[in-house]
Amino acid sequence: MSSRLPLKISAWAIALTLVALPIIGVLNGWIAADRWPVRYVQVQAPFAHVSAEQIRAASASQLGTGFFALQLEDVRKAVAALPWVASVEARKRWPDTLVLEVRERQPFARWGQSRLIDRNGDLFDIPGGSQLQGLPVLDGPDDALADVVAFFKEAQQTLSGTGLILTGVVQDARGSWTLNLNGGGAILLGHHDIEARLQRFLAAYPQLSPTHSAGFDRVDLRYTNGFAVQWAAPAVAPASPAATPASDAPTDAKAHS
């Protein structure tokens, strides 16, 4: 029993030392706000939409803070508040460097007139978001965002190989769907039997399209056993001075049953 007593005393002495060292350190100013200040910021990021200067400016308030006093969570929140930033990891590197790893949002589509959807399916708003080009335009009630994104992906796959290029999807307040296509055409699907209606049109489209080179303005699939097509007017070549001006071609509507 007596041999164990020195070991217990040593263990307690080590434990008390570990507890006391931080206190002593504070008393001696080891981790004071001005001791060993952070002077440098190292940024790792794609720099597609957020610049290194913007990231450094967001974290600038922490520069000069002591290495041990610097609050990483405060830095992370400040940088994460930048519009294009998806997430931030912050760490310290002895003796004077703050390291930031920044992941940017990757826009997948526009939502309505101004907001964007990232590739995680989250909405975000940035200045000038409505000016971004080349993104599909989706719209609908905010609480239906996930359904609209999923439907867009399904419709994109369905139209693959048909020559029809999907540029957007809209779900109105009553749940009715519309597909918007490259060139301005639209397909009205309604709100039930959507897949069957679309497949019926796509089965007939290869026989109809060769006779209408200008494509269609609108296809209405909201019929029980058919659909209606409003064909686009073909472009009229400019008349020569000696030619008689041609009248505009009428819009052709075609029903299929």
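## Exercises on loops, cores and helix pairs

If you set aside neighbours within four places in sequence, Tyr223 is in contact with Arg197, Arg200 and Ala228; contact means heavy atoms within 4.5 Å. The model is predicted, so local features need pLDDT of at least 70 and side-chain atom pairs count only at pLDDT 80 or more, while totals for chains, interfaces and linings use all residues. Residues are numbered from 1 along each chain as its sequence is written, and side-chain values use heavy atoms, with hydrogens and water left out.

**Exercise 1. Find the loop that holds Tyr223, and say how accessible Tyr223 is.**

Step 1: Tyr223 sits in the loop between E11 and E12. These labels come from DSSP runs, numbered from the N terminus: helices are H or I runs of at least four residues, and strands are E runs of at least two.

Step 2: The relative accessibility of Tyr223 is 41%, so Tyr223 counts as partly exposed. On this scale buried means under 20% relative accessible area, exposed means over 50%, and partly exposed lies in between (1.4 Å probe, protein chains only).

Step 3: Now look along the chain. Leu189 is 34 residues from Tyr223, and the C-alpha atoms of the two are separated by 9.3 Å.

**Exercise 2. Where is Ser176, and is Ser176 buried or exposed?**

Step 1: Go to the loop between E8 and E9, where Ser176 is placed.

Step 2: With a relative accessible area of 13%, Ser176 is buried.

Step 3: Not counting residues up to four places away in sequence, Ser176 touches Val170, Gln171, Gly190 and His191.

Step 4: Arg222 lies 46 residues from Ser176 along the chain, with 9.9 Å between their C-alpha atoms.

**Exercise 3. Which residues have the most contacts inside the largest nonpolar core?**

Step 1: Start with the term. A nonpolar core is a set of buried Ala, Val, Leu, Ile, Met, Phe, Trp, Tyr and Cys residues joined through side-chain atoms within 4.5 Å.

Step 2: The largest such core has 34 residues, and those with the most contacts inside it are Leu138, Val169, Leu179, Ile187, Leu189, Phe201 and Phe216.

Step 3: At least two residues of this core come from each of strand E4 (107-111), H4, strand E8 (166-171), strand E9 (177-181), strand E10 (186-190), H5, strand E11 (216-220) and strand E12 (227-231).

Step 4: Take Phe201 as an example. Leaving aside neighbours within four places in sequence, Phe201 is in contact with Leu164, Ile187, Phe216, Val219, Leu221, Phe227 and Val229.

Step 5: Apart from this core lies another, of 20 residues, including Val38, Ile55, Leu82 and Val102.

**Exercise 4. Describe how H4 packs against H5.**

Step 1: Two packed helices are described by the angle between their axes and the distance between the axes. Axes are lines fitted to C-alpha atoms, for helices over the stretch in contact, and angles run from 0 to 180 degrees between N-to-C directions.

Step 2: Helix H4 (residues 145-159) and helix H5 (residues 194-208) have axes 11 Å apart, at an angle of about 25°.

Step 3: H4 and H5 are therefore roughly parallel to each other. The classes are: under 35 degrees roughly parallel, over 145 roughly antiparallel, 65 to 115 roughly perpendicular, and the rest oblique.

Step 4: From H4, Phe151, Thr158 and Leu159 meet Ile194, Glu195, Leu198, Gln199 and Leu202 of H5. The residues of this contact divide into 5 nonpolar, 2 polar and 1 charged. Here Ala, Val, Leu, Ile, Met, Phe, Trp, Tyr, Cys and Pro count as nonpolar, Asp, Glu, Lys and Arg as charged, and the others, Gly among them, as polar.

**Exercise 5. What is phi of Phe47, and what is phi of Asp193?**

Step 1: Phi of Phe47 is near 60°, a positive value in a residue other than glycine. Phe47 is in the loop between strand E1 (40-44) and H2, and at 38% relative accessibility Phe47 counts as partly exposed.

Step 2: Asp193, not a glycine, has a positive phi of about 55°. Asp193 is in the loop between E10 and H5, and at 52% relative accessibility Asp193 counts as exposed.
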